[in-house]
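Here are some notes to read alongside the model, written for someone opening it for the first time. Please keep the 3D view at hand as you go.

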Amino acid sequence: RRERVYFAMGEQELAMEDIQQVVLLQPTNIRALWTRAKHLFSRLCFHECVPVLDLIIEQTNQSHAYLLRAQVYLELGDYTMAVKDFSATIVLDPKCALAFYHRGCILMKCNSDRALKDLSVALLLDGNSEVFAKAYLHRGVLYATHGRFPEAIHDFKAAIEADPSVAASHVSLALVHMNYLKDFDSAKHCLGTAIQ
């Protein structure tokens, strides 16, 4: 309980020392393990985070533990393990838009059909968050890559509507206007908006 006082005082390192002691004395204390895992993740200590999440998963099999470990693997560049953990998250929580979104993004280079499905599911599950705009953007890129320009235009416009601050959506729309529609004025307008 002392760690809570330390957290309240802004003494993160002292709080984490206490949490580490709890983990050493009680390696099955899920609350302490979660606190440690989240702290390590926030400090970008990804290699140290994996074994802590392994312990949580072994004891609880919770979808959000798989989700966090998948995000750790993603940060470490281990895409195979990230896909495996995003898939485990989806099995345990089939309504997790974030897992579908990230798995779709990883699969864009090697399995575009599956990526398209995952991004579409993410869009169906999540209509308001940051994932929504990014899922439209990435699905639009897939459509454009496969020459499905009307769908790409729709998705880029939806991404812009969901989050106008994402320059990549404006640039992607500009490229379709330039290369597919030969509409250079619209492309120029989109690029101008991206710069703002």
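1. **Before you start.** This is a predicted model, in which local features need pLDDT of at least 70 and side-chain atom pairs count only at pLDDT 80 or more, while totals for chains, interfaces and linings use all residues. Residues are numbered from 1 along each chain as its sequence is written, and side-chain values use heavy atoms, with hydrogens and water left out.

2. Buried means under 20% relative accessible area, exposed means over 50%, and partly exposed is in between (1.4 Å probe, protein chains only). Helices here are DSSP runs (H or I, at least four residues), numbered from the N terminus. Among the buried residues of helix 7 are F100, Y101, H102 and R103.

3. What does R103 pair with? R103 forms a salt bridge with D118, and their closest N and O atoms are 2.6 Å apart. A salt bridge is a side-chain nitrogen of Lys or Arg within 4 Å of a carboxyl oxygen of Asp or Glu. Because D118 lies in helix 8 (residues 112-125) and R103 in helix 7, the pair ties together parts that are 15 residues apart in sequence. D118 and R103 are both buried, with D118 at a relative accessible area of 3%.

4. An α-helix has 3.6 residues a turn, so residues three or four places apart point the same way. R114 is partly exposed, with a relative accessible area of 36%.

5. **Other salt bridges.** How many salt bridges are there in the count? The count comes to 6. One of them joins the side chains of E151 and R148, at 3.4 Å from N to O. Both ends are partly exposed: E151 has a relative accessible area of 31%, and R148 has 34%. Elsewhere, salt bridges that share partners join D54, R69 and D85 into one network.

6. **Aromatic pairs.** The structure holds 3 aromatic pairs. One of them is F132 with Y136, an edge-to-face pair at 5.0 Å centre to centre, with 80° between the planes. Rings of Phe, Tyr and Trp (its six-membered ring) pair if their centres lie within 6.5 Å; planes under 30 degrees apart count as stacked, over 60 as edge-to-face and the rest as tilted. F132 and Y136 are 4 residues apart in helix 9 (residues 130-145), so about one helical turn separates them. F132 is buried at 18% relative accessible area, and Y136 is buried at 13%.

7. **A pair between helices.** F149 and Y180 are stacked, at 4.3 Å centre to centre and 25° between the planes. This pair links distant parts of the chain, since F149 is in helix 10 (residues 149-162) and Y180 is in helix 11 (residues 167-181), 31 residues apart. F149 is partly exposed at 22%, as is Y180 at 37%.

8. **Cysteines.** A search of the whole structure finds 0 disulfides. C45 is partly exposed at 25% relative accessible area, whereas C110 is exposed at 62%.

9. **Two loop residues.** Most residues other than glycine have a negative phi. N61, however, has a positive phi of about 55° although it is not a glycine. N61 sits in the loop between helix 4 (46-60) and helix 5 (63-76), and is partly exposed at 39% relative accessible area. K182 also has a positive phi, near 55°. K182 is in the loop between helix 11 and helix 12 (184-195), and counts as exposed at 53% relative accessibility.

Methods
A disulfide is a pair of cysteine sulfur atoms within 2.5 Å.
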